[in-house]
Amino acid sequence: MDNRDTLIEVRNLKKFFSIGDNTLKAVNDISFEIKRGETLGVVGESGCGKSTAGRTLLRLYDATGGDVLFEGKSIMNLNNQEMKAMRRNMQMIFQDPYASLNPRMTVGDIIGEALDIHGLATGQKRKERIQELLSLVSLNPEHMNRFPHEFSGGQRQRIGIARALAVEPKFIVCDEPISALDVSVQAQVVNLLEQLQEKMGLTYMFIAHDLSMVKYISDRVAVMYLGKMVELAESDALYEKPLHPYTQALLSAIPIPDPEVERNRERIVLQGDVPSPMNPPSGCHFRTRCPKAMPECAASAPVWKEVEPGHFAACHLYN
Amino acid sequence: MQQLTKEHFEPISVDLRQAEAIKRPSLSFWSDVWRRLKMNKVAMASMIFIVALLVCAIVIPLVTHNDYFTTDLAGKNKKPSAEHWFGTDDLGRDVFVRIWYGARISLEVGLAAAFIDLIIGVIWGGIAGFYGGRVDEIMMRIADILFAIPYLLVVILLMVVLEPGVGTIIIALTITGWIGMARIVRGQMLQLKNQEFVLAARSLGADSNRLIFKHLIPNALGPIIVTLSLTVPSAIFAESFLSFIGLGVAAPIASWGTMSNEGLPAMKYYPWRLMFPAVFISVTILAFNLFGDGLRDAVDPRLRK
């Protein structure tokens, strides 16, 4: 393990939504920490709660329970004024570059809004800062008076990145920033994120469902299933020696760019669909689809445990 | 054929800046709407008619030597002539001038009702949609209850309680009229508030005021304006109708509705007395409706059938 200090600590975070009489446990008791300057990848199927986790962590949703500590300070009990100041530290990049920019505002105003809210720059300084931010994400500074619809998906995503950077944050939640882009542009955006991280010492929580992209960008990777975290390890360790049967199944789904190997390799194909998060299975949520399910999996939920140094998993195989 | 060798090829430098240059002229949402609206000939003709109507309603009563209330019993029920373009009525009053005084009342009622609807509707619907949950539930149920009261009943009650006149008509129309606007705005708010750009503004630390006035309302402005432009003709129609059945403005004030009412018994012998106000009511409402439709198509081309 490296000795960088902890920037974000998440303790037993919960976010439940009530839908009619039911409760949807979108994020159910997850705990992890993110070191300063690292990239934590979060993967999982659609609807497993990874986006909700990211949004709850930034207090865009009110958490049902648990705590989030930024540099050792809890953000859950901050009042409006303190939270506004805290927002300068933590920002978000969104999934859909077509929905995340206000269509009625110019690019300059979209990026400048951050400066206006926190009173960071006005007049000529504001303009210069906006142009500087546009250059930072390799966009033409002259485009600040244009509207979002005039840009391509990749360009829009970079505008979103510039907006997040305007307040000089330390931590950015990237909520599937590349999944709406086409493959050629994905690399461009990921490389930009990496460059910015290096230049500005940013810390990322990178939410995605593209396993190979997550491996490429992340230092550590967390795997989520039905609102629970099932495994967390250094990127290499996770990909080489996945412990949780769900991670093993996920990894076996990555195609290998070698026809010989691809043809002969064994895939773990999961049976059935993801159960409804409104009514998850008892005990271990994954047991209904797990090829290694045992009687005790139904009886009790597995404990989140450090199976190997720095390698956490929640599975009865290791309890 | 010439053999192609390696020397024939050389890498060209690609300037990324060049590749991302945007050549198209910048177009804001409203200039785009205007561009689409201009292509719609019917809507443009309606718009010109409406503007002309507005100008005439303001100017003609100012410059004319006739007025709407002076009676001339010797010259009653005259046919349209050079002296009285639209003829005179049963008290010898000039129909042409009365039409333009009537236009003033119609436009006043139409615009005032639309404006009041706009203010109440946007505030009510905006609060309900933005805060959602229980607030939304209670506010929209209140609107539903108001909407369920038959509006003629409200009008008759108001006429009894208040003095008949333009002000009372406007109050009567807006007491339930704002509900349509509130529903539109609420729907827009519910749809917009979960968009990622609103979430992005919240993660930047934007407060409710900024969210509502910078992000939500500007994006809901299209449907709001369209609803507004369709409120005007329905208010004009309601005023004419109320005046026609005797619940509107009192004599001697000229309104297209009262003029039609007075012209009705004389339809057989002096048809111009009914025809002119009736034509003005119809054409004005038609023009507002066609313009509103055109505006809707221009604001949201996807709605065009």
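This is a predicted model: local features need pLDDT of at least 70, side-chain atom pairs count only at pLDDT 80 or more; totals for chains, interfaces and linings use all residues.
A:I130, A:L133 and A:L134 are buried in α4(A). These residues cover an arc of only 100° around the axis, which places them on the same side of α4(A). The other side of α4(A) carries the exposed residues A:Q124, A:K125, A:E128 and A:S135. Packing of the buried residues of α4(A) is against α3 (107-117) and α5 (153-165) of chain A. Just after α4(A), a positive phi of about 55° is found at A:S138.

At the level of domains, chain A is divided into domain 1 (6-89 + 169-318) and domain 2 (100-167). Taken over C-alpha atoms, the centres of domain 1 and domain 2 of chain A are separated by 30 Å. The contact between them involves 10 residues of domain 1 of chain A and 10 residues of domain 2 of chain A. On the side of domain 1 of chain A that touches domain 2 of chain A, helix α6 (residues 183-200) of chain A gives the most, with four residues. By residue class, this side of domain 1 of chain A divides into eight nonpolar, one polar and one charged.

The contact between the chains takes 28 residues from chain A and 23 residues from chain B. In chain B, at least two residues of the side that touches chain A are supplied by each of α1 (16-19), α8 (196-203) and α9 (208-244). α8(B) gives the most to this side of chain B, with seven residues. The residues of the side of chain B that touches chain A comprise 11 nonpolar, seven polar and five charged.

Chain B contains 11 helices and zero strands. Its pattern along the sequence is α-α-α-α-α-α-α-α-α-α-α. Chain B has a radius of gyration of 27 Å, whereas the globule rule gives 19 Å for 305 residues; the value is well over the rule, so chain B is more spread out than a compact globule. Along the principal axes, the C-alpha atoms of chain B fill a box of roughly 105 × 65 × 30 Å. Of the 305 residues in chain B, 39% are buried. Among contacts in chain B between residues at least 6 apart in sequence, those joining residues at least 24 apart make up 68%.

Key
Residues are numbered from 1 along each chain as its sequence is written. Chains are lettered from A and ligands numbered from 1 in the order in which they are written. Domain bounds come from an automatic or database domain assignment. Two residues are in contact if their C-beta atoms, placed from the backbone, lie within 7 Å. Ala, Val, Leu, Ile, Met, Phe, Trp, Tyr, Cys and Pro count as nonpolar, Asp, Glu, Lys and Arg as charged, and the others, Gly among them, as polar. The radius of gyration is taken over C-alpha atoms; the globule rule is 2.2 Å times the number of residues to the power 0.38. A residue is buried if 20 or more other C-beta atoms lie within 10 Å of its own, exposed if 12 or fewer, and partly exposed in between; C-beta atoms are placed from the backbone. The arc is that of the directions from the helix axis to the C-beta atoms.
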